[in-house]
Amino acid sequence: MQVALLLLLTLSNAVKINGEEDGQCDYKLTLEPRPHSVTISEFGAVGDGKTLNTIAFQNAIFYLKSFADKGGAQLYVPPGRWLTGSINLTSHLTLFLEKGAVILGSQDPSHWEVVEPLPSYGRGTELPGGRYRSLINGYMLHDVVITGDNGTIDGQGSVWWDWYSSHSLNYSRPHLVEFVASDYVVVSNLTFLNAPAYNIHPVYCSNVHVQNVSVSAPPESPHTVGIVPDSSDNVCIEDCIIKMGYDAIALKSGWDEYGISYGRPTTDVHIRRVHLQSSSGSSLAFGSEMSGGISNVLVEHIHLYHSFSGIEFRTTKGRGGYIEKIIISDVKMENIYLALAATGQCGSHPDDKYDPSALPILDHITLRDVIGTNITIAGQFTGIQESPFTSICLSNVSLSINSGSPTSWVCSNVFGFTESVFPEPCPDLESYSNSSSDCFSFLHLNGKAAAL
């Protein structure tokens, strides 16, 4: 066991990022071993799937906090089924789940503390008031790693889905992992199952790396979402497989007047080599809560399949904010109802205090090298009359439309430019005389990652 722990320590490590390349995923990640390690069972935890281990986790993390200025520490979770309520991590910590280790979220709501809403949302996203704290939390932390040898974090979310669907909840559902106002965060080499709502939610964070994770929930799970970068910057998501009831990956940045006031965008995001499936939502979504802005996003080498929509940009009047400087390339789509979409009539408002004249901006969106098979609708771009979507650039897009398609394209209040697109897009996407130069100067500036 000691030899095994020493080997694991080389994998469970302090986070350092050096260098600067085209996108966030090209930063060189160097890993330094933690000098101290304990096992959760040393603190009285029992991995039988029945014993509640919240206090054992809390005591272990409190103990390891004393090593923060000594190079940090690792909390090792061995094989077993470790039931727990909500827990808080600390800085300079690695939480390591061995193969066969399963952290189970309690199905008793009393084991999940109710906390204040996020300031950029002003209320819970599902219900007014507070929200249940996530299963694993980090607040104002630095240098935190959640990793393992394909261990599992299982939210046992079925009871939460039932409560949500029956309108039995008093507060918004919890997530599996949430980091708030933290930096240098790594989540890797794990399986996430059955989240009550979101799986991985970095909000107000910087330098976040999510790598080699598998995330899934049943198709019927209501509004479950995989990874949600929210008002965060310098984010990398790579080599992941995500299958969700709603969105697989969704970028957000606050809700109406609260997001506008908080004013923190999601920016400098790199997503690559991911396989995404969404039963009722979108494989890759931007918004609809985007009032702080979303910009400088590079997405490449992605596989979207068996989904309602492939790539979707969402906003509405009252949101304010912007979605701009997005490059998405090398996309393979299979069995998608709606391949590409941008809508200015999506989402509700937190309350009646929003400003209906706060018009969002959607500009400089480039989609290139896209191949789709068994697509029902190629594209649906419906902008806002007072704030049309501009510089929507489509290049080298080939979508095979199935026989059940009512129409290939739907467009209104959108201006753009297309080149080598099949089926032939609506005239609105070829009506902006400046788009050609705008699209391709943006696209080719500084190579493939002009946005970054």
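Me: Is R314 buried or exposed?
Reply: In this predicted model, local features need pLDDT of at least 70, side-chain atom pairs count only at pLDDT 80 or more, and totals for chains, interfaces and linings use all residues. Residues are numbered from 1 along each chain as its sequence is written, and side-chain values use heavy atoms, leaving out hydrogens and water. A residue is called buried under 20% relative accessible area, exposed over 50%, and partly exposed in between (1.4 Å probe, protein chains only). R314 has a relative accessible area of 3%, so this residue is buried.

Me: Which residue meets R314 in a salt bridge?
Reply: A salt bridge requires a side-chain nitrogen of Lys or Arg within 4 Å of a carboxyl oxygen of Asp or Glu. The N to O distance here is 3.6 Å, and the partner of R314 is E312.

Me: What is the relative accessibility of E238, which meets R272 in a salt bridge?
Reply: The side chains of R272 and E238 meet at 2.9 Å, N to O. This pair links distant parts of the chain, with R272 in strand β25 (residues 266-278) and E238 in strand β22 (residues 233-238); strands (E, at least two residues) are DSSP runs, numbered from the N terminus. R272 is buried, with a relative accessible area of 12%. E238 also counts as buried, because its relative accessibility is 3%.

Me: How many salt bridges are there by this rule?
Reply: One of the pairs is E178 with R131, at 3.0 Å, N to O. D26, E238, D239, R272 and R273 are linked in a network of salt bridges. By this rule, the count of salt bridges is 15.

Conventions:
Helices (H or I, at least four residues) and strands (E, at least two) are DSSP runs, numbered from the N terminus.
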